[in-house]
Amino acid sequence: MKWDKYTIATTTAAEDVISALLDELGIEGVEIENNVPLTEEELGGMFIDFPPETPPDRGESKVSFYLDADTDHTELLKQVRAALEEARNYMDIGTAEITSSQTEDLDWINNWKQFFRPFAIDDILIKPTWEPLKESDRGKILIEIDPGISFGTGKHETTQLCIRQLRKYMDGAPKVLDVGCGSGILSVVALKLGASCVTGTDIDRDCLVSTSENLKANHLETAPAEFYIGNIIDDAALRQKVGTGYDIVVANILADVIIPMAPVIPGHLKEGGVFITSGIIDFKENEVREAIEAAGMDILEINRQGEWVNITARKAAG
């Protein structure tokens with residue numbers, strides 16, 4: 001189905017008002033684009049490999065809406081323009097210029113997939129479920145991922161750093177805890193590398209669906225794996241469910257989450273257990289390292305890829 005996309009150039013102060021005006025005219029669902037910095041709460045609720053980098057916020061916004069391309073919308077657009085001019089009488093709505101383009105359902109669903117291609121991390125091949133396996137890749141450890149549009153693909157430096165560390169510290173059949181599991185990619189990797197069991201946590205309920213689908217894609221639907229929703233930092237009941245005695249805890253989140261999380265990690269690790277973490281931008285490295293050491297863990301190694309940092313630590317004995 002084809003759609004006409006109409007975009008209103010406005011201000012961030014007016015975007016909610018314009019959205020409400022469109023709703024009153026029977027236009028359901030709008031798309032808002034701006035460069036307003038994300039709050040700490042919003043960053044903590046993101047489940048992609050890394051937070052987006054945006055240009056400076058200059059108070060500009062775009063409010064878009066979609067209408068069936070096979071229908072004449074002349075009258076409706078007149079009403080939209082009239083509503084905008086009325087709004088201009090009591091607030092700054094910017095130019096309120098309306099531009100148009102055309103798209104299809106298929107574009108929204110699949111266009112992003114062109115940017116996700118198979119790639120290798122040493123001997124581990126990460127491949128989207130819709131790509132065929134090449135003969136030359138048949139000897140690699142295969143991880144198939146269908147991340148959807150809200151979760152990471154594994155290609156970002158932070159996830160690659162964690163995967164390399166999992167590969168290095170997976171000794172025998174360890175028990176693994178994946179904090180902030182997202183699409184479940186690190187849980188899948190751990191199981192493929194021989195983990196005896198995996199537990200994952202995340203604060204977004206959608207991760208349960210994404211993780212389940214990726215376990216199935218890798219023929220791991222019957223694997224010993226449990227996933228819970230909640231914040232391990234301040235949820236004592238969740239920590240009790242998750243339990244203790246883990247050989248490895250892995251967390252690919254953000255520095256500002258890892259820092260308050262560090263004190264609770266030793267409680268889930270057995271003595272000598274390893275904490276693998278990334279999602280740390282380089283200028284936050286010292287803060288995270290200090291938090292990990294203050295929690296009673298010894299730094300084993302620090303690795304860097306681009307501007308991102310991995311810190312791997314071990315729970316000290318007794």
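**Notes on a sheet and a helix**

1. Lys127 has Glu144 in β7 as its bridge partner. Strand β6 (residues 124-128) and β7 pair in the parallel sense, over five bridges. Two strands count as paired if DSSP finds at least two bridges between them; strands (E, at least two residues) and helices (H or I, at least four) are DSSP runs numbered from the N terminus.

2. The model is predicted: local features need pLDDT of at least 70 and side-chain atom pairs count only at pLDDT 80 or more, while totals for chains, interfaces and linings use all residues. Residues are numbered from 1 along each chain as its sequence is written, and side-chain values use heavy atoms, with hydrogens and water left out.

3. The sheet is open, with three strands in the order β5-β6-β7 and mixed pairing. β5 (119-121) and β7 (141-145) are the edge strands; each has a single partner strand, so one side of each lacks a neighbour in the sheet. From one strand to the next the twist averages 30° (angles run from 0 to 180 degrees between N-to-C directions, with axes fitted to C-alpha atoms, for helices over the stretch in contact).

4. Helix α5 (residues 157-169) lies across β5, β6 and β7, at about 45° to β5.

5. In helix α10 (residues 285-294), the residues Glu285, Val288, Ala291 and Ile292 are buried (under 20% relative accessible area, 1.4 Å probe, protein chains only). They cover an arc of only 135° around the axis, so they lie on the same side of α10; the arc is that of the directions from the helix axis to the C-beta atoms.

6. Gly296, which follows α10, has a positive phi near 95°.

Key. Contact = heavy atoms within 4.5 Å. Buried < 20%, exposed > 50% of the residue type's maximum accessible area, 1.4 Å probe, protein only.
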